[in-house]
Amino acid sequence: MLLDIVNAVLEAGQFRPHPAILVAGAFYGALTELSITITAIDEPQQTRSQAAELVRDLIGGVVTGNSAA
């Protein structure tokens, strides 16, 4: 499912052109590791919020600025 989403975003020109499999793998890995970290932290609510902000920043790093909206 993640690969399908990444392919759609790439086809729409909203991400910088990278191989979809690498983008999907990078995000899957990041999300998996963040999930593990959140469960291991004493303050999961605060860490979850910080992780969400980090994910937004990571996605922002590959967004082209083109908007289909």
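Let me start with Arg 56. Arg 56 sits in helix 3. Its relative accessible area is 55%, and because the cut-off for exposed is over 50%, Arg 56 counts as exposed. One distance to go with that. Take Arg 56 and Met 1, C-alpha to C-alpha. They are 55 residues apart in sequence and 19 Å apart in space. Keep in mind that this is a predicted model.

Now the overall layout. The protein chain has three helices and zero strands. Along the sequence, the pattern reads α-α-α. The C-alpha atoms fill a box of roughly 40 × 20 × 15 Å along the principal axes. The chain has 69 residues, and 20% of them are buried. What about contacts along the sequence? Take the pairs at least 6 residues apart. Of those contacts, 50% join residues at least 24 apart.

Helix 1 covers residues 2-11, and its buried residues are Val 6, Val 9 and Leu 10. Why do these sit on the same side of helix 1? Because they cover an arc of only 100 degrees around the axis. The other side of helix 1 has Asp 4 and Glu 11, both exposed. And what do the buried residues of helix 1 pack against? Helix 2, residues 20-40. After helix 1 comes Gly 13. The phi of Gly 13 is positive, near 75 degrees.

Next, helix 2. It has 21 residues. From first C-alpha to last, helix 2 reaches 30 Å, close to the 30 Å expected at 1.5 Å a residue. Which residues of helix 2 are buried? Ala 20, Val 23, Ala 24, Phe 27, Leu 34 and Ile 38. Look down the axis of helix 2. Those buried residues fall within an arc of 105 degrees, so they line one face of the helix. That buried set packs against both helix 1 and helix 3. Turn to the face pointing away from the buried side. There you find Ile 21, Leu 22, Tyr 28 and Ala 40, which are exposed.

Stay with Ile 21 for a moment. Ile 21 belongs to helix 2. Is Ile 21 buried or exposed? Exposed, at 58% relative accessibility. Ile 21 also contributes to a surface patch. Together with Leu 3 and Leu 22, Ile 21 makes a nonpolar patch of about 290 Å².

Last stop, helix 3, residues 44-60. Thr 47 lies here. What is the relative accessible area of Thr 47? It is 15%, and because buried means under 20%, Thr 47 counts as buried. Now leave aside its neighbours within four places in sequence. Thr 47 is then in contact with Ile 38 and Ile 41. Ile 38 has come up already, as one of the buried residues of helix 2.

So, to recap for helix 3. Thr 47 is buried, whereas Arg 56 is exposed. And for helix 2, the buried residues pack against helix 1 and helix 3.

How values were computed:
Residues are numbered from 1 along each chain as its sequence is written. This is a predicted model: local features need pLDDT of at least 70, side-chain atom pairs count only at pLDDT 80 or more; totals for chains, interfaces and linings use all residues. Side-chain values use heavy atoms; hydrogens and water are left out. Buried means under 20% relative accessible area, exposed over 50%, partly exposed in between (1.4 Å probe, protein chains only). Helices (H or I, at least four residues) and strands (E, at least two) are DSSP runs, numbered from the N terminus. The arc is that of the directions from the helix axis to the C-beta atoms. Contact means heavy atoms within 4.5 Å. Patches are made of residues with over 30% relative accessible area and no salt bridge: like charges are joined within 9 Å, nonpolar side chains (Val, Leu, Ile, Met, Phe, Trp, Tyr) within 5 Å. Accessible areas come from the Shrake-Rupley method with a 1.4 Å probe; for residues, only the protein chains shown count as cover. A salt bridge is a side-chain nitrogen of Lys or Arg within 4 Å of a carboxyl oxygen of Asp or Glu. The expected span of a helix is 1.5 Å times one less than its number of residues.
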